[in-house]
Amino acid sequence: MLNCFAKNASLLHKHPGEKKFACYLKRNEMDQALIENIFKINDEKTFRAAALEVFHYQAQHSPVYRDYLAALRIDSASVTEIEKIPFLPIEFFKTHTILAEGKNAELVFESSGTTGTSPSRHHVADANLYRESFLRNFYANYGSPEELCILALLPSYLERETSSLVYMMDKLIGWSKHSDSGFYLDQLGELSAILQKRNNDSYPTLLLGGSFALLDLAEQHPLSLWNNIRIMETGGMKGRRKEMVRTELHEALGKAFDLDAVHSEYGMTELLSQAYSAGDGLFNAPPWMKILIRDPNDPLTLLPSGQSGGINIIDLANLHSCSFIATGDLGKVYEDGSFEVLGRYDHSDIRGCNLLI
């Protein structure tokens, strides 16, 4: 399908208004109205209205979610506030095709999985909706990709053609106008030389990498970076290194690269949106995404701000799959809507999701 952003890439630079996100491909009227409402969200009231609209749409048109609600004996018509919306355990993406009736998948993203487990698969019916979601959020946090040198150090992800992160970075790199933008597999020396060049010319630069790969770079090529260069980790060691807490990871990277802050990205195969952290360990989601915390012992009960528990995610960009997902992550949400990721449940601790399944 034609990539409307690539075709109209100049809109990003020349028009600071809404046209920079214009997408000219036709959708049916219901889809178009829902998508317009999703990206018009600008406060809690409009988010709640859009979330309920998407919930009722998916309760009717998403067979797996509809059956899940029926198994819980929940009448979707009685749900009038987002706190009453049931969240689908993320494990369903491993065992079922989560896709609205009448839709075909333009993209299928697949997680790496772990030894002995099945990967998650996310069937994406509207590739432009994914591109619009990640571009809007990236633009809001880091500006136009056209004006950045974008470097991706994602060895384990590049081994899979079905990685949603690789897809996103490939598009962002394609929109970048800098000749050094690109993927780097094992060329750590070459990547270090490019970072030194960016030190010298002060060109705004973003290096996004897997945690283990960034640690390899830090150990083999430590370099004092200037503030025009941002380093962003995606979390997880993918079996390449011993897992470490985020503060320990950031301390190691900050020391090697002489950085005051290391950025983070929080996303997953099952989502079409990402949250970003500017270095304090607190993530902020885009307006169409919200984090709620569930009681680990009672998955249908939500906890107030400041208490830790299982992370539930509302991602309204997941319009044609499921926007309401109970993840296997532990976290905490604060009064301002920012959130912290504290880790993952051990298998023995996933009581809530197992009970729901």
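Predicted model: local features only at pLDDT ≥ 70, side-chain atom pairs only at ≥ 80, totals over all residues.

Select T205 together with L148, C149, L151, R198, N228, I229 and R230, which are the residues in contact with T205 (heavy atoms within 4.5 Å) once its neighbours within four places in sequence are left aside. Residues are numbered from 1 along each chain as its sequence is written, and side-chain values use heavy atoms, with hydrogens and water left out.

Staying on T205, display the backbone oxygen of Y203, which the side chain of T205 reaches at 2.8 Å. T205 counts as buried because its relative accessibility is 2%, the term meaning under 20% relative accessible area with a 1.4 Å probe and protein chains only. Colouring residues 205-209 then shows strand β6, where T205 is found; strands here are DSSP runs of E, at least two residues, numbered from the N terminus.

Next, select H122, H123, V124, A125, D126, L129, L272, A317, N318, L319, H320 and S321, the lining of the largest cavity. Strand β3 (residues 121-124) gives the most to that lining, with three residues.

Finally, colour the chain by pLDDT: the average is 88, and 86% of the residues score at least 70. Select residues 1-19, where pLDDT stays under 50 and the model has 40 contacts beyond four places in sequence, and then residues 347-357, where pLDDT also stays under 50 and such contacts number 21.

Notes
Helix = DSSP H or I, 4+ residues; strand = E, 2+ residues; numbered from the N terminus. Buried < 20%, exposed > 50% of the residue type's maximum accessible area, 1.4 Å probe, protein only. Polar contact = N/O pair within 3.5 Å; in protein donor to acceptor, adjacent residues only side chain to side chain. 1 Å grid on protein atoms, 1.4 Å probe; cavity = no way out; pocket = protein on both sides within 12 Å on 5 of 7 lines; lining within 4 Å. pLDDT = per-residue confidence, 0-100.
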